Structure formats: C-alpha cells, structure tokens
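Q: I would like a close look at a single part of this assembly. Please treat its overall build first and then its contact with its partner.

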Amino acid sequence: MTPALRFLLNGRPVELTAVGASDTLLDFLRIDRRLTGTKEGCAEGDCGACTVLVGRLTDDGLVYEPVNACIRFLASCHGCHVVTVEHLRGPDGGLHPIQAAMVEYHGSQCGFCTPGIVMALYGLWMSNPDAGATDIETALQGNICRCTGYEPIVKAALAAGRAGGQAADALAVERELVAAKLRDMRGERVELSKGGERAIIPADVDDLAAVLEDEPKATIIAGATDVGLWVTKFMRDIFPAVFIGHLMKGKRVEGGEIRLGAGVTYSEAAALIGQHVPAAYDYWLRIGGWQVRNMGTIGANIANGSPIGDTPPLLIALGARIVLRKGNAWREVALEDFFIDYGKQDRAPGEFVEEVIIPTRPQARIAAYKISKRRDSDITAVAAGFCLSVENGIISGARVAFGGMAGIPKRAAGAEAALQGQPFARETFEVAARAVADDFTPLSDWRASADYRRTVAANLFRRFWLEQTETGLPVRLHEAVGA
Amino acid sequence: MKDETIIRGQVHQDTIHDSAIKHVTGRADYTDDLAEPYGLLHAYLGLSQCAHGLITGMDFTETLAHPGVVGVLTAKDIPGVNDVSPNGKDDDPIFADGEVLFWGQPVFAVIAETRDGARRAAHKARITYDVLPHALDPLAARDAGMGYVTDPLTLKRGDADAGMAAAPHVIKGRFSIGGQDHFYLEGQIAMAVPGEDEDVTINVSTQHPSEVQHMVAHVLGCQNNAVVVNVRRMGGGFGGKETQMNLFSCVAAIAAKRWNRAVKIRPDRDDDMTATGKRHDFVVDYEVGFDDTGKIRAVRGDWYARCGFSADLSGPVTDRALFHCDNAYFYPDVRVSSHPMKTHTVSNTAFRGFGGPQGVIVAERMVEEIAYALGLDPLEVRKRNLYENGQLTPYHQEVNDQILPRIFEELEVSSDYHSRRQAVLDWNAKGGVIRKGIAITPVKFGISFTATWFNQAGALIHVYNDGSIALNHGGCEMGQGLNTKVAQVVAEAFQCDIGNIKITRTTTEKVPNTSATAASSGTDLNGMAALDAAEQIKARLVDFVAERWQQPKEEVRFVPGHIRAGDHEIPFREVIAAAYMARIHLSAAGFYKTPKIHWDRATGRGRPFYYYAYGAAVSEVSVDTLTGEYVIDRTDVIHDVGRSLNPAIDKGQVEGAFVQGAGWLTTEELWWDDKGRLRTHAPSTYKVPLASDRPRVFNVRLADWSEATERTIKRSKAVGEPPFMLGISVFEAINMAVASFSGYREHPRLDAPATPERVLLAIEKLRG
C-alpha cells in the first residue's frame with residue numbers, strides 16, 4: 001500500500017499525499033497549480049470549458065482522451081498523464097496547428113470556451129487525422145461556444161487536419177517515454193486522505209473486491225460523470241470513495257456476445273458496438289458528449305440505476321446480463337431484473353458490477369432511439385431499444401424497452417404482447433403504438449411532458465416499422481438533409 | 001512613393017482579434033485568473049428558497065461554525081443603501097430585507113477563507129418564511145393585480161381602430177415567446193481589493209464599469225471617486241453583465257471594506273442562472289388588418305412582459321419591443337402598448353436585441369398569418385409591406401436608409417429561394433415522415449440607446465516617447481472584437497501598425513462616466529471617441545512637423561509608418577521622439593456624442609435611432625414529424641454592417657448571433673415549476689446550440705456594397721444585435737413544415753421556443 005497519488009502533469013511528475021476523495025482535477029489545476037488556462041464553465045461536465053487531455057495506458061498503448069476536469073476527481077488521475085492547454089505547442093515551440101488554425105479562422109471571440117475547444121480538437125486531431133465535419137461535431141458535442149456559432153471552429157479543425165503533423169507532435173514523440181513513466185507508477189493499492197476524506201484506489205479487481213468487503217458502504221466511482229455532480233452540485237460527502245475507473249477494462253466477443261468489463265468506457269466500447277450492433281452505433285455516439293463518453297463506463301451507467309439510463313433500454317432489448325461480484329462470489333442477473341424500482345437495484349452492500357454481457361443478435365431487427373430537446377449532449381427524455389426477431393413474416397420475438405417512461409428502464413410489456421406472434425406489418429405496429437400508452441405512466445418535467453413522452457413512445461413503433469420497410473421516402477432526418 | 005505599403009490592421013480589413021493568440025493558448029486572463037492578493041477571502045450568496053414570502057427567521061449558527069467562515073452579511077450590514085437598481089427606483093435590494101420576491105433571491109452572503117467553505121457554509125443557513133402567493137407569468141401577474149414594475153408605453157400613429165374596422169381581413173392571435181438565459185461561458189465574478197481611506201478597487205466581469213463604480217459608491221455610502229473598476233475582458237456578456245454584476249461587485253466591496261481584505265465572489269452556474277436576470281418572456285396579443293393583396297392596413301397589440309420582481313432595465317427593454325413591433329414593415333394605422341408586468345421571478349434584464357427580437361418576431365408572425373390566410377408566399381407579403389423611404393415608424397421616425405429590397409433581391413438569387421421553396425412544397429406533397437419548411441425573414445434594427453444621454457463615449461490615447469501607443473476607451477471587450485476594431489481606427493489614423501498599439505483594460509480611472517457596452521454601440525461610440533483623441537494628437541504633430549521641417553501644414557501627411565512633410569519622410573518614432581523633446585503634448589482625451597437623435601417618451605415621438613442596420617436570412621429545415629426533432633438544412637444570410645471595419649470579425653458576429661437567435665427559438669427553454677423554482681439552471685437542463693445544431697450549410701455574406709448614410713465611424717454600422725433576429729427564419733421555417741399538415745391554410749402558431757415537444761404536439765393536433 002502506498003500513501004501517494006502519482007501522475008504526470010504536462011510531462012512532469014506529481015506526487016501528492018494529501019488528497020481528499022472529492023478533490024477535483026479542475027480545482028487542483030486552477031487553485032493549487034495556477035494553471036488557469038483550464039476554465040470552469042459549469043462544473044457539471046456539460047460545457048467543456050475545463051477540457052483537458054488525460055493519457056492512460058491501455059491494451060492499445062498510451063491513449064490520450066479529452067475529459068472534463070470539473071467532474072474528474074483528482075484521485076482518478078493516478079498513473080495518468082494530465083495535459084492542459086499550457087502544455088500545447090507546435091513543433092517549433094510556437095502555436096500548435098490546432099491553435100494556429102483557430103487564430104487564422106477567427107475561431108475565438110470571447111475566448112473563454114477556447115482552451116477547452118482547443119483541447120477537444122487536439123484530442124480529435126491526434127486520434128483521427130482525417131476527421132471530417134461530422135467527426136468534428138461529434139468531438140465537440142461536449143463543448144459549448146456561445147459566441148461564434150461554431151462555423152469558424154469547424155473550419156479551423158478541418159484546416160488543422162489538413163495541416164497534419166501528428167507524427168511530430170510532442171505527445172507522439174514522447175509517447176514511449178511517458179508510457180514507461182506511467183508504467184512505473186502502477187502497482188499496489190493507494191490509500192489517500194485529506195481532512196478525513198478517504199480515497200482508495202485498488203490495485204486490481206480482486207483488490208477491489210477485498211476493499212468493498214471491508215468498506216461495503218463506500219462510494220464506488222468509475223467515470224464520475226454522475227458522482228462528480230454529487231460533489232460539485234450537491235456538495236454531498238462521498239468518502240470513503242473507491243476509484244475503479246482503471247479496472248475491469250476487458251472486452252471481447254465470444255459466442256455471439258460482447259463481454260465488457262464494467263470499467264469499459266462508452267468510447268472504448270464504441271467500435272465493438274459499431275461492428276456487432278451497427279443499428280445502435282449512432283445512438284451510442286449520442287450518449288453524453290465526447291468527454292463524458294471518455295470517462296463514463298457502461299458498468300456504472302447500469303449500477304447507478306438512473307430511471308433514464310443511456311444504455312439500459314438498448315441493452316435490455318438485446319437481453320443483456322450482468323455479472324455481479326461480492327468478494328469471491330459471482331452471480332449473473334438479467335439486466336431487466338437488476339432494476340427493481342426507482343433508486344433500488346438488485347445489488348447487495350459490497351457487491352459490484354464486474355461484467356456486462358451483450359448478445360449481438362445478428363439476425364434480429366434492432367433499433368435504438370434517443371429523444372431529447374437538443375440532439376447532442378442532452379439528458380434523454382425518452383430512450384428506447386427495439387429488438388425483434390422475424391421469421392416468415394411473423395414476429396417471433398419482441399423485446400422493447402424504454403427509459404424515461406417510468407422510475408426504471410423497463411420493457412413495454414403490453415406493446416411487446418401486441419407484437420409477439422403477429423405479422424410484421426404496419427397494422428401490427430399501430431396496435432403496439434396504441435398499446436404502449438398503457439405500459440407506462442410517465443412524469444412531466446422540464447425535459448418533456450408526460451403527453452410528449454407518451455406520444456413519442458407510440459410514434460417510435462411507427463418509426464421502427466418505417467425504418468424496416470422500403471417506403472421510397474427518407475424516414476430519418478439525416479437522410480433528408482444528406483448529412 | 002511609400003504610400004504603396006500598407007499598415008497591418010488598417011480599417012476595412014480582416015484583422016485577428018487582439019487576444020486571439022492568448023485565447024488559444026489559455027493565457028488570456030479573465031477575472032478569476034488574476035493573481036490573487038494575499039489573504040483573499042471568498043464570498044458566497046445564500047439564496048431564498050421561496051418564490052414570495054416574509055422572512056420569519058435567519059439562523060446562521062451552523063454557517064458560522066463551518067471551518068474557515070469569517071462572517072455573514074445581510075441587509076443590515078450594508079453601510080450605504082441596500083439597492084442596486086440601475087434606474088434610481090430603489091427596488092432592487094442586494095439582500096432581501098424582510099420579504100423575498102422570487103425563488104433564488106439573494107438573502108445573505110457568507111465570507112470565508114475558501115470559496116468551497118463559503119459555499120458549503122451558505123447551504124447550512126436556516127431561513128424560514130411565511131409563504132405568500134406568487135405569480136410567475138405575465139398573464140397570471142395581470143390577473144393577480146401585480147401591476148407594472150415601470151411605466152408602460154403606447155406608440156400610436158394614425159387611427160388603429162378605424163383602420164382595423166376598415167380592413168377587409170382581420171386576424172387576431174396570441175403569441176407566447178419564451179425568455180433566454182445568456183449562458184455567457186464565464187459566469188458572474190467580482191474581486192474587490194480595499195485601499196486606504198474609502199478606496200476600493202473592483203476587478204469584475206462587466207459591460208458597465210461606470211455603473212459598477214456608481215453602485216459600489218452608493219452601497220458603501222462614499223463618493224464615486226473612491227471606487228475604481230477594471231475589466232480587461234469578459235468571457236461573454238450578451239447583456240447579462242450590463243446590470244447583473246452590480247450586486248456581486250457590491251457584495252465583494254462591502255466585505256472587502258468590512259474585513260479589510262480582498263474578497264472574491266463567484267457563484268456556481270446554477271446560482272448564476274437562478275439569481276440573475278434573463279431575456280424577457282412575453283405574451284403578445286396581436287391584431288392585424290390587411291387587404292386582399294396582403295398589404296397591412298392596421299395593427300394593434302399588447303406586449304405583456306415577464307419583468308420579474310423589479311424594474312431593472314425592463315422599461316427600455318419593453319419600449320424597444322414596441323420600437324421593433326413593425327420590424328421592416330409599414331403599418332398605416334397602429335397602436336401598440338407595453339405591459340411591463342411585475343412577477344415573482346428573477347428581474348429580467350438586457351439580452352442581445354434588448355426586447356427588439358420580441359417585437360420583430362410578432363411582426364413576422366403577423367406577416368406569416370396574412371400569407372397563409374391569402375395563400376401567398378410569405379416573402380411576397382413581406383415585400384409588399386416593406387418600408388419605403390419617407391414613411392414613418394410607429395414612433396414617428398422617418399425611414400430613409402431602406403436597403404432591404406436589394407438585400408432580398410440578392411438573397412433570393414444567391415439562396416435560390418424560389419426553386420427551393422417549390423422543392424420544399426413538392427417534397428411535403430409526398431406526405432413523408434420528414435417534412436420541410438423554408439422561410440426568409442428580414443431585420444431592420446434601430447441603432448442608438450433610446451436613453452439619449454447614453455449615446456456618448458470617451459477615449460484616452462497616450463503616445464509614449466518611443467512611439468508606442470496606449471489606447472483606452474470606455475467600451476468593454478466581451479468577445480465582439482471591439483478593442484480590435486477601435487485599435488484599427490487608431491492605427492489607420494496614425495498610419496502605424498496595429499502591433500504598435502497596446503489595448504489596455506477598461507478602467508474608470510482613465511475614462512469616466514461611460515455608458516454600458518451595449519445596444520451594439522461599442523464601436524460606433526468608442527471608435528469615434530478614439531478617433532477624436534487621435535485627431536487631437538495628430539493635429540499637434542502636424543503643427544510641430546510643419547514648423548520643424550518648414551513645410552505648410554497642408555503638406556504634412558501621415559503615411560504608413562511615417563509622417564511626410566513635403567519631400568521629407570520621417571519615421572513615426574523619430575517624429576514622436578522629436579516631438580517629446582519639443583515638449584508637444586502626446587496624450588489626448590477624446591469624446592463623442594451621437595448627433596441628431598432625440599426621443600420624447602411622453603408623446604411617443606422622436607428620432608430615437610441614428611440609423612438602421614438591415615439584414616435577411618433564408619433558412620430551410622427538416623422536421624421529423626414522429627418526434628418533433630429538426631435540423632437546419634441550410635441558411636443563407638446577407639447582412640448589412642455598412643462599410644465593415646473588420647469583415648472577419650463582423651461576419652463572426654453575424655454567424656454567432658444567428659445561431660444564438662436560433663437557439664432562443666428552438667431548444668433554449670426556461671422552465672419553472674409550480675413552486676416558482678427555475679428548473680433549467682445549468683447546461684444539463686438548459687440547452688444552448690451545439691456545433692451539430694448549426695445549419696448544415698451556412699452561407700453568410702456581408703452586404704459589402706452598403707455604406708452608412710450617416711457619418712458613422714468610417715461609414716460602418718453596428719453589428720452585435722441585429723443579426724440575432726435572423727434566427728427567426730428558422731422558427732418560421734419550422735412553422736411551415738408543421739403547416740404542411742393543414743395544407744398551409746393556416747399558420748400553426750407555434751409558441752416559442754419551438755422545442756421538439758411543441759413541434760410534435762402541434763403536428764399531432766393538425767393530424768387530428
């Protein structure tokens with residue numbers, strides 16, 4: 001056991017002993033280190049002004065990803081390389097190509113969002129040198145600019161992509177050196193404390209199991225995209241906190257099932273989803289913004305039991321299961337059974353989600369829908385997952401699950417019954433659309449009224465039918481605008 | 001001839017924002033980035049948890065026991081007056097005193113060693129209330145007899161009743177228009193540093209340093225000359241920092257003087273959005289009479305505004321809604337009235353357009369209604385009603401700089417409007433799930449503060465003896481490129497490279513009694529004031545050079561980097577060095593006041609605006625009729641900024657304003673619950689446009705042939721606000737897509753914002 005948090009900050013080693021569970025990376029950067037280029041805009045991971053890169057060791061080597069420093073806990077940076085805008089430079093020591101393009105294309109006005117945008121674009125430039133406008137928009141889902149209308153920013157990003165130079169970039173050149181330094185930081189369990197706020201970073205998953213046996217009431221923190229707000233918004237105490245974002249990273253496909261360690265982030269799973277459940281890929285890229293997808297994990301998305309849940313409706317429709325572990329005892333639960341009631345899940349104290357198993361169902365007709373006020377980076381008003389098996393024109397299996405319609409993500413039993421065994425035909429879906437009204441009693445709030453939620457839920461059955469049928473007319477917005 | 005070389009940063013040229021490199025490298029300092037004085041304390045506000053009630057108790061026991069807490073401030077701790085109303089109405093307390101008037105009203109402040117400590121301690125206070133009934137929206141407030149926060153206004157010309165009675169057709173409607181949060185990326189912040197005697201220095205993110213100065217003096221009970229206010233830049237303002245930072249500045253100043261330590265105050269985003277004012281929501285009852293050709297005969301209307309608990313700027317905001325109720329159209333007979341309703345909500349304030357958008361959008365609604373009723377292309381109705389030069393507005397100002405016919409003509413061609421409208425109609429006729437709409441909407445926006453005395457500005461220029469120039473003016477930089485444009489004016493005047501000019505922070509120590517950087521006026525006013533200062537120094541230099549080099553004054557000219565006197569061409573630096581030795585005064589204070597304007601509110605007549613800025617946009621949208629979601633397929637804009645001082649910066653203003661305007665009318669929704677709590681108070685719940693929301697194709701062009709008819713700075717026109725209203729084209733395009741379900745026989749009358757929910761429910765209604 002070691003009492004020190006160790007990471008690299010802009011290439012230089014940092015070792016800290018007094019770290020509290022709720023200390024954020026942003027406050028550390030701005031207050032302790034006076035690295036004021038990183039801004040606080042919202043402290044909830046929605047505006048991107050605090051975007052920094054975090055480099056971490058993965059099976060694919062050292063990977064740098066944009067994250068929100070405001071809801072990233074400092075303790076979760078153990079063994080990582082934190083890169084802020086102050087570290088960015090071009091090969092000649094001057095402006096980086098992203099920065100130069102932002103200047104040339106007048107991509108900043110008030111400038112407050114700019115460092116965060118520069119960092120998000122830097123992350124994209126590094127990972128996708130050929131990024132087009134759509135990729136840039138996806139990369140900027142988590143960045144708000146209130147001044148420019150984004151047009152010059154997108155133009156700047158395209159120009160920086162054309163300028164190239166990735167191989168000569170400082171982080172690329174120093175990659176092996178940095179990776180070696182980070183490797184040295186890994187190892188045993190880390191226990192930290194400040195003002196009584198304990199933070200524990202288990203060495204590995206077995207260690208996590210052991211920690212949770214000792215501390216069954218500890219707050220388990222993976223990506224902190226939700227727990228971060230408990231601290232920054234609600235000022236809740238989260239100690240003792242156990243940081244698990246570095247654990248349970250396994251991902252593989254086996255027997256027609258994707259098996260994801262609970263610590264796999266949305267971003268890390270994206271390629272597998274795209275490959276094996278292509279119908280859900282667009283949906284996947286609408287979970288949070290890019291920074292959130294780089295932090296948030298599928299296991300925690302399930303474990304925290306949100307009534308909306310980004311992934312559960314889809315995963316329930318696919319028939320996903322989860323593996324829960326307590327100490328050295330494991331059990332498997334169908335995802336739909338894990339959600340018992342609002343705020344209540346089938347998880348015992350000291351138990352944690354270790355793995356998520358997602359059947360890919362290549363023969364099924366699958367769809368995932370997210371309805372929100374704003375297309376990107378919005379909390380869902382209604383989410384839906386459809387998975388239908390059709391044999392000889394008859395629906396032989398129907399699994400349809402919704403989020404945002406009840407206190408938990410839930411299957412639409414009445415609508416499913418209306419589909420099951422019926423012809424795969426418009427009329428069947430009309431009946432199901434009417435039936436879904438009786439499946440749920442949604443709430444009205446600022447995201448959507450109950451009326452809207454009910455209407456949309458019904459219409460999604462109509463949409464599903466249209467998408468599966470050749471009508472000769474576009475049924476999706478992006479087809480209609482040729483984007 | 002060296003005239004061929006040009007200086008860097010001359011006027012009418014693209015020049016990068018003076019802080020662009022600092023922005024992209026993170027080295028631009030905002031108020032929270034300034035080095036903190038030793039011993040800095042932090043203040044945090046405690047907000048009311050009641051929309052309307054009497055305070056029955058305040059228990060700070062736990063707050064004061066929180067580690068690091070130094071003290072608490074309440075209404076009784078204010079040395080001067082507990083008021084930050086910008087209009088002298090004394091209705092805007094810093095801390096609620098006895099009665100709270102909205103949920104989220106500041107009641108007290110905690111002062112502590114750390115911000116986190118102050119924030120946590122503030123949440124430990126126990127405030128109890130006798131809860132009283134509340135009214136949140138303007139009509140509920142009217143029904144509850146809440147009254148006005150400020151005097152209403154009626155504009156009239158001709159006989160609206162007779163005109164209406166004589167009109168062949170009349171349409172009446174009610175239009176509910178939502179407000180808007182500024183969502184400046186940098187929230188409210190102020191840091192006060194105490195000095196000797198009564199002195200205090202405030203570093204604050206503000207659009208109005210002079211008002212901060214006056215307010216701080218007011219609440220401290222000292223003279224204005226004891227208070228210095230500095231602002232280098234804001235991380236966005238949009239009107240939200242015209243009056244709203246007064247309260248924060250005052251709290252910091254009171255605490256700084258009380259404890260004799262520097263004090264910083266920065267609310268978190270939720271508190272910022274809850275406790276500060278926004279764009280006014282309106283409910284408008286309108287009535288338009290028109291003939292068979294779509295020509296408007298008469299207009300009557302009542303604009304009910306959610307002003308909040310105090311007047312703030314609601315008077316001029318609701319006035320401006322009426323000033324723009326005609327947008328670009330001539331109303332032969334008109335009578336319109338404002339109703340600035342008091343409500344139990346945060347006091348609404350300035351926001352880009354300042355009430356104008358809520359006037360313009362009603363004009364556009366009426367025009368659309370007429371077009372649908374007559375089965376015409378709304379563009380036709382628009383063109384038939386455009387002002388002709390010489391016609392009078394409802395406030396009796398003559399329009400004489402009309403350029404919209406040409407803008408429309410060019411836009412129709414460049415956007416291929418007519419064939420695209422036909423394509424949209426054909427597309428919708430197929431009856432698919434995705435419906436389209438296309439709309440072209442203009443803007444005519446009056447430029448000048450309607451409070452005539454605000455139309456003045458000062459500047460201060462020092463030329464140092466090495467030839468470098470320090471430029472200061474009363475305007476504030478919030479991203480709009482004001483400092484760059486004013487520096488270009490000065491660079492042009494002296495014919496020296498813009499890199500030779502240091503643009504310094506705005507401070508009340510250098511230019512006194514400034515107006516807010518608002519009403520799009522920053523460059524118009526401060527550019528002129530800076531030019532005046534430059535011309536004074538130039539005149540002295542001309543005299544000096546003429547004498548020293550023995551040339552007639554007419555032969556002395558400023559050329560790039562040099563001053564030419566007859567055959568002599570002397571580098572600027574050398575002239576300055578020589579002028580210093582000759583004891584020439586190398587500093588000047590400039591001043592400007594806008595000529596020709598006057599306004600008599602009592603009679604509703606005058607010339608409140610020096611000139612108008614014009615523009616138009618065509619937007620095409622696709623609407624998913626199963627979910628109500630939509631995409632802006634394409635937008636084409638032609639906008640008038642006169643002879644642009646900096647086309648790149650002006651184009652950026654147009655693009656940004658358009659997207660912000662589209663956001664106001666689409667996804668930006670303010671939502672209060674029945675307790676009076678604003679529940680959309682952070683970016684997680686309040687949705688401003690993202691990169692993926694901007695038009696898929698976005699063609700923005702400046703009307704480069706336009707030139708201000710009045711003697712504005714280099715014949716340019718103001719740009720900040722006018723293009724905001726071009727976002728209305730998106731709103732009307734969405735209406736058209738919805739109207740396809742009724743065969744375009746009637747306007748679907750979407751309320752704003754047209755969230756996917758409103759769009760879908762409107763479609764479902766028409767679908768039946």
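How many positive and negative side chains does chain B have, and how far apart do the centres of the two sets lie?

A: Chain B has 82 positive and 98 negative side chains, with the centres of the two sets 2 Å apart. Lys and Arg count as positive, Asp and Glu as negative, while His and the chain ends are not counted; each charge is placed at NZ of Lys, CZ of Arg, CG of Asp or CD of Glu. The model is predicted, and local features need pLDDT of at least 70, side-chain atom pairs pLDDT 80 or more, whereas totals for chains, interfaces and linings use all residues. Residues are numbered from 1 along each chain, chains are lettered from A in the order in which they are written, and side-chain values use heavy atoms, without hydrogens and water.

The C-alpha trace of chain B spans about 85 × 75 × 50 Å along its principal axes. Of its 768 residues, 69% are buried, that is, under 20% relative accessible area with a 1.4 Å probe, protein chains only. The accessible surface of chain B is about 24600 Å², 49% of it from carbon and sulfur atoms; such areas follow the Shrake-Rupley method with a 1.4 Å probe.

Turning to the partner, 86 residues from chain B and 77 residues from chain A take part in the contact, defined as heavy atoms within 4.5 Å. On the chain B side, B:Val24, B:Leu185 and B:Leu690 lose the most area to chain A, together 11% of what that side buries. The area buried between the two chains is about 6900 Å², with 59% given by carbon and sulfur atoms; this is the accessible area (1.4 Å probe) lost on putting the two parts together, summed over both.

Technical notes. Buried < 20%, exposed > 50% of the residue type's maximum accessible area, 1.4 Å probe, protein only.
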